[in-house]
Amino acid sequence: MDEDSKAGKSVVQSLAKGFQVLNAFTSEEPELVLADVARRAALDKGTTFRLLNTLLMLGYVEKVGDTRRFRLTLKCLDLGFNAIARSELRTQARPILRSLVGEMNEAASLAVLDGSDIVYVERIQAGLVRLGVDVRIGSRAPVYSTAVGQALLALLPVETQVEVLEAQPRIKRTETTITDLDALLERLRQVKAAGYALSNQENAPGLCVLAAPVIDRDGVPLAAISVAAPTMRMSAEAFERMGVAPLLRAAAQLSRALEAMGGATATVSNR
């Protein structure tokens with residue numbers, strides 16, 4: 001019996017299908033009817049119906065009022081928060097992020113790499129609501145268009161960079177989003193040389209973001225810290241000039257704190 005056959009016999013298919021159903025829901029489409037869930041999960045409607053009712057009974061899915069739509073419940077967040085809560089990264093980062101939020105920066109975040117996305121594991125925000133920016137713990141964004149993603153990816157081998165960048169379609173999220181592979185690889189070379197990344201409205205209109213990696217003693221990126229400010233307040237050049245030094249100090253401080261504790265591993269990783 002080959003390894004694939006052995007692996008197949010060790011997998012509980014119904015559990016795997018249950019997670020396919022959960023993954024059908026997204027932040028863009030949080031409410032779905034049964035047919036939509038079945039299509040997204042690549043399952044037949046009968047199986048999807050039984051799985052949805054099981055998840056409904058367990059409290060991970062709920063009906064939306066008197067409609068035929070379903071949505072995830074906050075109980076799903078418990079699974080992620082239980083993992084995140086154990087992270088030394090998050091515990092050590094919180095006071096450092098608070099120190100970065102003030103007159104210039106309206107938000108500071110900690111993010112880790114998860115495949116071709118970044119996941120925010122801590123966030124301190126004092127503004128940005130007027131720009132429609134609603135980043136929460138657990139929110140995801142593409143690596144290629146975010147400063148935190150570029151700060152993390154820049155320290156990884158080039159072959160890994162290509163693999164991550166090619167893992168999902170690169171769409172223009174704003175007019176300034178870089179989508180060309182060669183241009184992105186050149187950007188990553190620049191980020192690695194500078195030690196930080198600057199996103200000038202590349203992921204969200206009207207928003208400038210600076211990010212720097214948090215590294216372990218071997219130089220491997222564990223996470224990235226970012227600060228954000230609206231472009232209506234100052235130019236990207238002024239934001240970079242004023243914001244880089246405190247950001248780099250904060251990233252170095254968190255790196256040292258984690259090293260003093262014996263190191264830490266990110267709660268989600270590149271896979």
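Tutor: Contact here means heavy atoms within 4.5 Å. With that in mind, note that this is a predicted model.

Student: Which residues of α3 meet residues of α4?

Tutor: From α3, the residues L34, A35, V37 and A38 take part, and they meet K45, T48, F49 and L52 of α4.

Student: At what angle do the axes of α3 and α4 cross?

Tutor: Angles of 65 to 115 degrees count as roughly perpendicular. The axes of α3 (residues 34–41) and α4 (residues 45–58) cross at roughly 110° and come within 9 Å, which makes α3 roughly perpendicular to α4.

Student: What is the order of the strands in the open sheet?

Tutor: Two strands pair if at least two bridges are found between them. In this open sheet of six strands, the order is β6-β5-β4-β9-β8-β7, and the pairing is antiparallel. The strands β6 (140–142) and β7 (197–200) each have a single partner strand, so they stand at the edges, with one side of each left without a neighbour in the sheet. From one strand to the next, the twist averages 30°.

Student: Over how many bridges do β7 and β8 pair?

Tutor: Four bridges join β7 to β8 (residues 207–215) in the antiparallel sense. L198 stands opposite L210 in β8.

Student: Which strands does helix α10 lie across?

Tutor: Helix α10 (residues 236–260) lies across β4 (107–114), β7, β8 and β9 (221–230), and runs at about 25° to β8.

Student: What share of the chain's residues count as buried?

Tutor: Buried means under 20% relative accessible area. Of the 271 residues of the chain, 45% count as buried.

Terms used:
Residues numbered from 1 in each chain as written. Predicted model: local features only at pLDDT ≥ 70, side-chain atom pairs only at ≥ 80, totals over all residues. Heavy atoms only, no water. Axes fitted to C-alpha atoms, helices over the stretch in contact; angles between N-to-C directions. Helix = DSSP H or I, 4+ residues; strand = E, 2+ residues; numbered from the N terminus. Parallel < 35°, antiparallel > 145°, perpendicular 65-115°, else oblique. Buried < 20%, exposed > 50% of the residue type's maximum accessible area, 1.4 Å probe, protein only.
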